Amino acid sequence: MTTRPSRVGQLALPALAVVVAVALGGYAYRAAQDLGDPHFLTGYVLFGLMLGLVLLRGRKALSVVPLGRAAFWLRVHVVGGFLGVIVFWLHTGALWPIGLYEQLIAGLFYFVSASGIFGYVVQRAYPSRLTQTGREIIYERIPAAIAELRDAAEDVILECGEKTGSDTLAKYYVETFEWFFRQPRFFASNAVGAARGAHWTRHHCGTVARYLSSAEEPYLDKLADLLAAKVVIDTHYAAQRIMKTWLWGHVPASMALIVLAIWHFLAVNAYAL
Amino acid sequence: MATVTRPQRWDEPFGPDMTDEDVDWLLQRPEIAAIDSDAFPAHTPLAGILRNDTRLVRVSPGDIVVREGDYGNSAFLIVEGSLRVVLAPDLPEAVLGRQPAHRRGVFSALSQLWRNHRVAEARASRGARGTTTARRGDTSDAADTRVFLQDVPAVLDDYQTATLDEGALFGELAALGRVPRTATVFAETEGRLLEIRWQGLREFRRYDEGWRRRIDENYRRNALAVHLTESPLFAGLDPDSLQQVIDATLFETYGQFDWHVSYQKLRERGAVGAEHEPVIANVGDYPDGLLMVRAGFARVSAPIGNGHRTITYLGAGDYFGIESLYALWKGDSDRVLSTMLTALGYVDILRVPAPVLERYVFPNIDPPASRLALLDTRALEDDALTEWTLEQRFMNATQAMLIDLDKCVRCDDCVRACAAAHDGNPRFVRQGKTFDHWMVANACMHCIDPVCMIGCPTGAIHRTAQGGMVVINDDTCIGCGTCANSCPYGNIRMVEIRDPAGNTLRDDDHRPIHKATKCDLCAGQPGGPSCVRACPHDALRRQDFHGENLFTEAPR
């Protein structure tokens, strides 16, 4: 049976990465002092690291085979990724290399690294935000959930018109709330953790409330509950979409980087040795 | 459209070799002849039960019929010969012939990547009918794990045993109670056994007064002896004193055996607190005996404000009221119960009268600690998790899928891993009840008391002999949906099955064929549950909710 690593176990990987980085940095410095060429060793290490980082995808695809916990693989991937950035700098000797091909590789490398860090951060930040909404919803079911809310809201509006004989709330619904219930809204606001959706619904409920009779007010209250539920779903949509789609940039770019790196590896070994 | 014959209860007889002559012969046996066959309904006749729910098993000297610790779904009636039951000490594992359960090899596991069906819930047409033979351990442990003792005389010399003669019934406790076998039984002579799978045993008990009385008496006598000796309170008693305790102990039952039905109704009404549960002992009652839980769960609570605050809950082997009884014995004559005991569903209680305790137990124990004292050191918030656990009846769980929502990135890698291990079909839904940042997902919890097994007409849902996991034999499932309706947690899903081309399989009346599906903890897969291994953020675990684990393993 697999078990979770202890706190000491969790620190072992970063510690190992620091040791490797320091050793490699020391070697590069000493080699430079001795007029040697450290780029081959740092290049091999970097190339090996990049291939190793790609293995996480393989581990995910081979979930039926006992290859250890995916959580361990992810830890290795994250620590290896940070180590890769340091080795990259040791290898290139600069933040931005010269030469078009090298710049292309460097651009992809920085994009992959930045997207990886972005993914790591959002995966740390978003889950608890979603928990705090008080509701769980599976991403694929969000359209159906919105449709249910929209139907319920329209039922409230129709009932309000039938029971009170007033169309004030119905008209306002068509002017404003119908737009809100049509699809997920306020994506950017929800992505950064702001509350524009909640503010918007409060504002519009307040705007229309002054024109409603006491008989209509309970219907606005019901509508406000549905709006609040929609705000929660919008939060889930934004956060879950970002947590799923950041990989759409990270993974293809990683593959492209590997292809370019292989060509770079072959070219260097063919012509520079 | 693919058409197959709809599966029926007795499509798969328990003993395929049972003949009409065997049934006629059994009907002449005194134990069977005494049964009033007219009491059985037309759709479940006595002869039909004998033909389909029983089988005749031949045994030779040394053959092990049941092994202590195995889960079994059948009972045995000795029709010829004699057997021995091992009383003490327990036989070593090697002597019992235990072997590790069959697991796939790495390459077999890997081959699932290309061998899994591309169509959801695909089955071969013949598989829908259940023409394959039951897998190892699917029906009973007798036929499938038959091992024998190499040296019977040595066992008889070295171990305390008792003889079971012709006409004796054994194994009914494990079969009906969904609990492990409590002793090992082996053949002493050549003989024949009538093995009755629990569905047949259930019908015997339901329709025949004599068998009901016999099963109940056996059940109570065996349960009492086992449970008393397992308790530290009685472990040190000499045989005579223990017999005095056994003779004086009373048996009580609270709640309903199929408690899930009433629980579902109560939950719909929001009536889930202690005040809505059957009261076993109330605050202010005069304690007249120690209450020991034999099976099921009970809640200990104390009044607070307008409700009841749960102090703890009791499972099999736990007891209630000892501190009050002890205080009375010490002369505190005004002492009454300060906490309430209520049934969480169905509870079997053993009541050991106070005079027996005062004579045989109290002189030998230290003063017990008061449960109420616990409350002084705990805030209401500290017990919120326990309250929620009992409200949802999760104390039944041994393998609940617990997801830390503060870590879960909702990537569904767990769902995909589950599907990959189950022919492309996930066996759980990543949704469920939440408490704080914890979610108990809709995955089978492999309950201590799996009520899903109660009504299964074919025994398709059963415990594995080793490990006691609750699994479904897809071959013998007839898709009646009884288990899915019985599961209080909604963790069993009925699915329409298809042929490999994607056509829904239908019976002669063009109705779709269904099968019950659920989490099987990736039985047979190497490495344990795929969902746990696949989670890249360590957000998912399988959690035993019983006892102290709730506080020590589930983060607060």
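Analyst: Helices here are DSSP runs of H or I with at least four residues, strands are runs of E with at least two, and both are numbered from the N terminus. This is a predicted model, where local features need pLDDT of at least 70, side-chain atom pairs count only at pLDDT 80 or more, and totals for chains, interfaces and linings use all residues. Residues are numbered from 1 along each chain as its sequence is written, and chains are lettered from A and ligands numbered from 1 in the order in which they are written.

User: OK, and how many residues does helix 5 of chain A have?

Analyst: Helix 5 of chain A covers 142–164, which is 23 residues. From first C-alpha to last it reaches 33 Å, close to the expected 33 Å, where the expected span is 1.5 Å times one less than the number of residues.

User: Which of the residues in helix 5 of chain A are buried?

Analyst: A:Ile146, A:Ala153, A:Val156, A:Ile157 and A:Cys160 are buried. Buried is 20 or more other C-beta atoms within 10 Å of the residue's own, exposed is 12 or fewer, and partly exposed is in between, with C-beta atoms placed from the backbone. The cover over those buried residues includes helix 6 (168–182) and helix 9 of chain A.

User: Switching to the interface: how many residues of chain A are in contact with chain B?

Analyst: 22 residues of chain A are in contact with 32 residues of chain B. Contact means C-beta atoms, placed from the backbone, within 7 Å. On the chain A side, helix 3 (70–92), helix 4 (100–131) and helix 9 (217–271) each give two or more residues, and helix 4 of chain A has the largest share, five residues.

User: What does B:Cys535 touch?

Analyst: Leaving out residues up to four places away in sequence, B:Cys535 touches A:Ala70, A:Ala71, B:Asp413, B:Cys414 and B:Leu540.

User: Now chain B. Which domains does the assignment give?

Analyst: The assignment, automatic or from a database, gives domain 1 (2–105 + 146–220), domain 2 (234–383) and domain 3 (390–552). The C-alpha centres of domain 1 and domain 3 of chain B are 29 Å apart. Between those two, 21 residues of domain 1 are in contact with 26 residues of domain 3.

User: There's a four-stranded sheet in chain B too. What's the strand order?

Analyst: 2-10-4-8, an open sheet with antiparallel pairing. Strand 2 (54–59) and strand 8 (169–170) of chain B are at the edges with a single partner strand each, so one side of each has no neighbour in the sheet. Pairing takes at least two DSSP bridges between the strands.

User: How many bridges join strand 4 to strand 10 of chain B?

Analyst: Six, between residues 74–80 and residues 191–197. B:Glu80 stands opposite B:Arg192 of strand 10 of chain B.
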